[in-house]
Amino acid sequence: MNNFVNVILPIPLQQLFTYSITEAEKDFLEPGMRVAVPFGKSKIYTAIVAEVHQKEPTAYQAKDIFQILDEYPIITKKQLKHWQWIANYYMCSLGEVLRSALPSTFLLESETQVIKNKEFMLESSLTDDEFLIIEALEHQEVLPIQKISAILDKKRVLPILNDLLKKKAIVLQEEIIEQYTPKLIKYIRLNERYNDQKELGDLLEELSRANQQRNAVMTYFSLHGATKKPIKQKQLKEVSKVSPAVIKALAEKEVFEIYTIQTDRVNFKEATDSFKELSEFQEECYNELNKSFEKNEVVLLHGITSSGKTEIYVKLIDQVLKQGKQVLYLVPEIALTTQLIDRLQKYFGNKIAVFHSKYSLNERVEVWNNILNKSDKAQLILGARSSIFLPFSELGLIIVDEEHETSYKQFDPAPRYHARDAAIVLANLHKAKVLLGSATPSLESYYNAEQKKYGLVELNRRFGNVMLPEVELVDIKEGYRKKRMTKHFSERLMVLINEALDEKEQVILFQNRRGFSPIVECKSCGVSPQCPNCDVSLTYHKLRGELKCHYCGYHKPLPKICSACGNPSLDTKGFGTEQIELELQELFPNHKIGRMDLDTTRGKYGYHKIIEAFQSREIDILVGTQMLSKGLDFDNVSLVGVLNADNMLNFPDFRAHEKSFQLLVQVSGRAGRAKKRGKVAIQTFNPYHQILQQVTTNDYATMYKEQLYERHQYKYPPILRMVKITLKHRDYIKVNSGADWLYKSLYNTFGTNILGPTSPAISRIRNQHIKTILIKLPQDKSINLSKAVLQKIKNSFQSIPSYRPIRFNVDVDNY
């Protein structure tokens, strides 16, 4: 009987594919191993084994696998189950989950290699480019396509290769390229024979005329005697100040032996601090959490800003690690990990592993392998949303810090998962507990706690009994009318900034828009430069003197004259962090101003440098976007200023008010965290807005009740589930007609629970026109049933030839 294997390919196709295997391969292969398989005419992909069986496929002839890439599974069975749930729930393919979950270093790609056909005789019919390729193949038997591109200095080399194939001058073959390279450190040891005193004496005598070599040997002895540890080649070179050639010569004489040891790229030091004593209220909260975990799998910790939630997490982590289990600590923003690593490393030392996209691919592979092999270096895993895909085996606790954050939701590309929800399912598979922590929980989580699906524990005292900051609403409508504004700062905010700086305290200013100015407008004709690829005006970045689109990256120098009327009367409207930074430098020339937004934190250590400078008080005023709101802890900040609270409140989104409340409370929470009560000044044109009033009193309960009442009224989550369908195509008419067809098909099933089709606020991005349809899944119907109907309609839509080119994205729980 023939043997077969079902594999997951990293491509957006729904089903698994079956390949033929031999008896020996059947005995060796296990689910979770990687295999290279041919797919299509000539492509080779890395696939993951899902199951080994003996059922022959009926629709196609099963091909043989190309090669087995692993000796043991690199993906666990629980992981595969979790991925299957993500694919089903978020309506995407397993291949898309695989592509998102695995570090791309594991997905070996095939690279086309060009080989000269030995039977081909040189003819005069070759063009210059073709002749160059054949000549290069005379010197080097095999050439990858990239190298040929470099030889010809052309990007488009495939047509030339195609002509050579027709002339039977070359042959193509696919080769699998392994991308991960382990980090190897070179060490040096003395040849064993020189342990004998006589041999050693002879050696030193022999080297008496070679001063450099003698120096290297003597330095080796002094280093080895002092440390009793293996000596690195680099260390020996630096201390003895000899060249690499001297060490190489000693190795050739067999005096030294050079050997390599594989090491991880990221290593943490040993723990240095003992745990802090919990306050009376923290201790009470810690005991309540343990009690709640006895009855509930998931517990929501609603603790106000600066109540010391991290110290409670530390105690819970320690408790789980002592049971020999792993802990996953999820944070919404990479910026947050910088401070957290420093704090946790003091307590847990080298038990920590960190996983996020600012780490290089090789570093991520090492973390993956450490978790898979249950290494001591990966007992506490700290990471952003993608960490839920790691190969845990003994997971005991998942902490989702700042669980309300939208950064936990993946919007593009698929899978469009929410890390908080996926983490709860992951914990369920491992029989682990989940702790959701936030000062401003999302309505969904608080609603689940009220419905007794989750446990709920509250912590209402700040650590050290410091009072919550005093929040002041500053009416800038009057300020602008009476011309009392200094640049973008009200009189009151200027007074507060000066007071704080006089007291040698630090200030944080929040403006949720980067760049210098969001709009450049001509004073004569009112035209503002637009992005040619998106329906959005270009943002002005003064530092680089350019206009930039924040959606597709298009940029151009700021024109001197208006492109419509030719007048040199261009003016800026609105303001971003860059403009605030420049204004502050003018207003406070004797103080150091810093800026923290996407433009200043692009490098691997971008966040780290700014946070460290602010923490060590090298920066007096820090201006930033919403990155600043996420759990950062600075003890010398006494004032937080919000420069314009109205942009967020007036955003066209059913969660705008909830998000504004969360953001403003979180930003306010950065003030007065140590000894003294902080101050918060929120500039607004509408100080009587209910949300702003609730922020001043930190009244989460009233905000929750009002928002929930509105969600009940208009049937929005958490009362109903929502699915968003997005259609994209370059042709506006095609997208419109596709959206109308889709609406009619959906209406037959979902009736009035459909909103749309509508064009979003920005209806064209990267030259793709966009239409969206929102479906509110009815409560009385099974969600799985509704999704099955939706999948059928999607398949019908994509089987219509004129609609097939339209990109059809499904986003389940799109908020």
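Which residues does Leu102 touch, leaving aside those up to four places away in sequence? In this predicted model, the partners are Ile48, Ile74, Ile75, Trp83, Leu107 and Trp368. As a general point, nonpolar side chains in soluble globular proteins tend to be buried together.

Now for the helix pairs. Two packed helices are described by the angle between their axes and the distance between the axes. Take H25 (residues 732–750) and H26 (residues 783–799): their axes lie 11 Å apart and the packing angle is about 150°. An angle over 145° counts as roughly antiparallel, so that is the label for H25 and H26. The crossing is right-handed. On the H25 side, the contact uses Gly738, Trp741, Leu742, Ser745, Leu746, Thr749 and Phe750, while H26 brings Ser786, Val789, Leu790, Ile793, Ser796 and Phe797. Sorted by class, that makes eight nonpolar residues, five polar ones and no charged ones.

H8 (residues 211–227) and H9 (residues 233–240) meet in another way. Their axes come within 10 Å and cross at roughly 115°, so the two helices are roughly perpendicular to each other. This crossing, too, is right-handed. H8 puts in Asn215, Ala216, Thr219, Tyr220 and Leu223, and H9 answers with Gln235, Leu236, Val239 and Ser240. The class count here is five nonpolar, four polar and no charged residues.

What about H16 (residues 443–450) and H24 (residues 700–714)? They pack at about 95° with their axes 11 Å apart, and are therefore roughly perpendicular to each other. From H16 come Leu443, Glu444, Tyr446, Tyr447 and Glu450, which meet Tyr700, Met703, Tyr704, Gln707, Leu708 and Arg711 of H24. This contact does include charged residues: three of them, next to seven nonpolar and one polar.

Asp318 sits in helix H12, residues 309–321. Its relative accessible area is 15%, so Asp318 is buried.

Finally, check the backbone. Most residues other than glycine have a negative phi, and most peptide bonds are trans. Met91, though, has a positive phi near 50°; you'll find it in the loop between H2 (77–89) and H3 (94–101). Met91 is buried, at 9% relative accessible area. Lys487 also has a positive phi, near 55°, and lies in the loop between H17 (476–481) and H18 (491–502). Its relative accessibility is 38%, so Lys487 counts as partly exposed.

As for cis peptide bonds, one runs from Ala414 to Pro415, with omega near 0°. Pro415 belongs to the loop between strand S16 (395–401) and H15. Another joins Pro717 and Pro718, where omega is about 5°, and Pro718 is in the loop between H24 and strand S30 (721–729).

Methods
Residues numbered from 1 in each chain as written. Predicted model: local features only at pLDDT ≥ 70, side-chain atom pairs only at ≥ 80, totals over all residues. Heavy atoms only, no water. Axes fitted to C-alpha atoms, helices over the stretch in contact; angles between N-to-C directions. Helix = DSSP H or I, 4+ residues; strand = E, 2+ residues; numbered from the N terminus. Parallel < 35°, antiparallel > 145°, perpendicular 65-115°, else oblique. Left-handed = near helix turned anticlockwise from the far one by under 90°. Contact = heavy atoms within 4.5 Å. Nonpolar A, V, L, I, M, F, W, Y, C, P; charged D, E, K, R; others polar. Buried < 20%, exposed > 50% of the residue type's maximum accessible area, 1.4 Å probe, protein only.
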